[in-house]
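Dear colleague,

I am passing on the structure we spoke about, and below it I have set out what I found on going through it. Please read the notes with the structure open beside them.

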Amino acid sequence: MLPRISNIKFSKSPLSPAINGPPETHKRFTVDTYKLIIRLYISDVSALPIPNITNKIYGSITYSANIRLDCEITGSHDLGWYKASNRLSSSSSPKSGRRFAILTIKSFTEFDDGLYLCKAKWSHWTTEDKIYLKAAEVKPVINRTEPKNKLTKFHDTLQLKCEVNPSNPRPEMNWYECVDDLFNCSTNSLGWFGLKKESSKLTSTLIIREQEFQNVRYRCIARNKLGEDSSTWNVFDKRGIPHMKAMINKVPMYEIFGVNVTITCQCNGYVIMEWLRDGHKIPTMIDASHATSSTGRFNITRKIIQIKNFSKTDEGKYVCRLKYSKYNWTNFNTVNISMEAVPNIKAPENKERKIIKYTFREGLQLHCYMIEEGIPRASLAWERCICDVSCSKCTQWSKLQNATRVRTVRHQSTLTIQSQTSEEVNYRCKAKNIVGNDERVWTIVKIGVIGVTSKHSVTYVAIIVSITIAMLVMSLVFVFVLYKRKKLYGKFYIFTNPPLLDYIERIDGKRLLVEQTNKLPYLSEWEFPRERVFIERTLGHGAFGQVCFAKVIGIEAFNPRRTLEEKSKQWRLSVMLNREHYSYVNCSNVTEAAVKMLNENWNEGDLDDLLSELKILIHVGEHKNVVNILAACTKGHRSKTWIIMEYCPYGNMSEFLRNRQDIYEPDWLQLTSDHDSKLSITDLVEAASQIAGGMEFLASRKCIHRDLAARNILIGQNFVPKIAEIGLARNFYKNDIYLKKKSGLVPVKWMSIEALRDRIFSEKSDV
């Protein structure tokens, strides 16, 4: 872009005039003895120095926070802060060829929101940097410092002040009142009436000069778009009406045809009252002296309803309600009057409406009370029904005519039974009118009647005794289980599972682990379905069994150790509902594994050795340098027990080293991860170190190997050495008969001197 020449100035003598503007925009041209000064204004302002706001703020600013903005520019130009074209008060100072401008905003609020510019000015140029500031939005919170209960005296004026902590946006303030005597202000939201509303304020005041009722609640609500907060005051004013309640006199719920009914509703204070029947207003006539309405049989005033010759058409729900001033209809009081009613009875010996059995005794009394007579009024009557053993329901009831056995006093009747000749007799107390009836039934059983068995009582006694014995046995079992659990775990663990017990820590450390496998239980969590294991070929034979190569479906998702650990931390109900233990069912991944099983010509000793090895592998634990167990298959015949273990694809260490004699270099070289192409003394030492780590782990678990040799070290994935045959359960050195029959079972070349001589084995004899 070409520069634009603004003006030209000639000077005869050599001059060095002060040129306005940035020096980088000035050019000088000399013509003969005259000096030509040309001012060039470059229209591309991107070459001009621009102010820089060094501490820009991104996001919302905490309400009422103090803000400082720093701006700087190279050179000594006019530098300042602006907002809405107005220059703000800021501190400015030059330093080391630069100029600084500092803007400070104290207690930042929403009124400080906006775009702030840091401008640098010359005579013809202006450059700027900008930043937009916005205060964070805050929900209103009322400052509750005033007491909630206020007492006003005569001729007092009460002020209620509602202050809100700083909030953004500014809240809307609303005042409400509610009269406790008219409404249930705590739960009834319809009883609150608005008094005052103010917008964009943090403080609002309500002035109370006189209130109409003694007890009034006032509520202030501060609300913005983020939410609301409220505060309530209870104000008592002696000048107000003490209360305004509608109180109806006690009227019987049921009335007899033809009686005169009077309903009275009383209330203090001058209020509007009206009557309703079944939701419809009953009209009244209002005059100056007496508010009445007289229509035939009805005489209705503001407080009284009189009904002459009560009939069926007068039934209904009568409501008295009040209204005062600006408030809605309130303080309902209701009475129901009906012509028809079913009688209702009760009996101390039969509190529920079902048949109750009693054993006969001379002078047995049955009581019956009529709580409600019903409309029309009902009367009590006793009936009897004789039933033999095969009778399941009485249909022939006969009324008791013998007045000496029945004593009735108005609403109470008592039946006294002096004798009984039948095994079972049903007695019924009954109250009945045209609307309906109510009754109570007893069955009286007499034991030892001639010709009649007492098998019912014998059956009842047998059942009770059986239940008692069963409950006693269950209680004893429960106490025994709690005692054993307390002794074993230190706590009862009734609702939670006990912690996972380390059985290795509980065995005798002075004896060999293989001699104590009877103390190690088999855990069912290790059981894996046999149908998901596919045997392909035999890897090798041993003295007690064989090892086969297999492919297993879903064992990748089968982790019994983790399942046991999580189970010990859960509640019993959550363990019952948790099905994670069976997650392998939905897993279709195939994993290579080694399966140890018995030979075809096995004996009981071989089976015991295999089961002992299974228990040891489960309880010893996992280690990266030990061949670990993955699962077990024990269902079916005992001889079909399988131990599913890690598969080591490179075989045992003895054959592994023999096959790599050609690539072995007896030098201390760098460790390699590919032992098929390179093998040095460094790799052997590293392998020995890992084997020692595995042996240290076995020793910590009280496990003595007794046959540590290269043939019992397997090479797993990534050429990791793993100790095998840690669960050999047969005690070679104590079974003399076995030693004579089986030659070559004692690893003499690998045994320590004390083991050969004294047959003493420990973790020291392993190494």
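In this predicted model, a polar atom of the D229 side chain lies 2.9 Å from the backbone nitrogen of I142. D229 itself belongs to strand β18, which covers residues 227-237, and it counts as buried because its relative accessible area is 16%, under the 20% cut-off. When neighbours within four places in sequence are left aside, the residues in contact with D229 are P140, V141, I142 and R144, together with C220, I221 and A222.

The other part I looked at is an open sheet of five strands, which follow one another in the order β38-β39-β40-β42-β41 with antiparallel pairing. Its edges are formed by β38 (533-541) and β41 (629-633), each of which pairs on one side only, and from one strand to the next the twist averages 30°. Strand β39, residues 545-553, is joined to β38 by seven bridges in the antiparallel sense, and within this pair F534 stands opposite K551 of β39.

Helix α4, made up of residues 604-620, packs on the sheet, where it touches β40 (590-598), β41 and β42 (642-646). The direction of α4 makes an angle of about 140° with that of β40.

Methods:
Residues are numbered from 1 along each chain as its sequence is written. This is a predicted model: local features need pLDDT of at least 70, side-chain atom pairs count only at pLDDT 80 or more; totals for chains, interfaces and linings use all residues. Side-chain values use heavy atoms; hydrogens and water are left out. Helices (H or I, at least four residues) and strands (E, at least two) are DSSP runs, numbered from the N terminus. Buried means under 20% relative accessible area, exposed over 50%, partly exposed in between (1.4 Å probe, protein chains only). A polar contact is a pair of N or O atoms within 3.5 Å; within protein, one must be able to donate a hydrogen and the other to accept it, and residues adjacent in sequence count only if both atoms are side-chain atoms. Contact means heavy atoms within 4.5 Å. Two strands pair if DSSP finds at least two bridges between them. Axes are lines fitted to C-alpha atoms, for helices over the stretch in contact, and angles run from 0 to 180 degrees between N-to-C directions.
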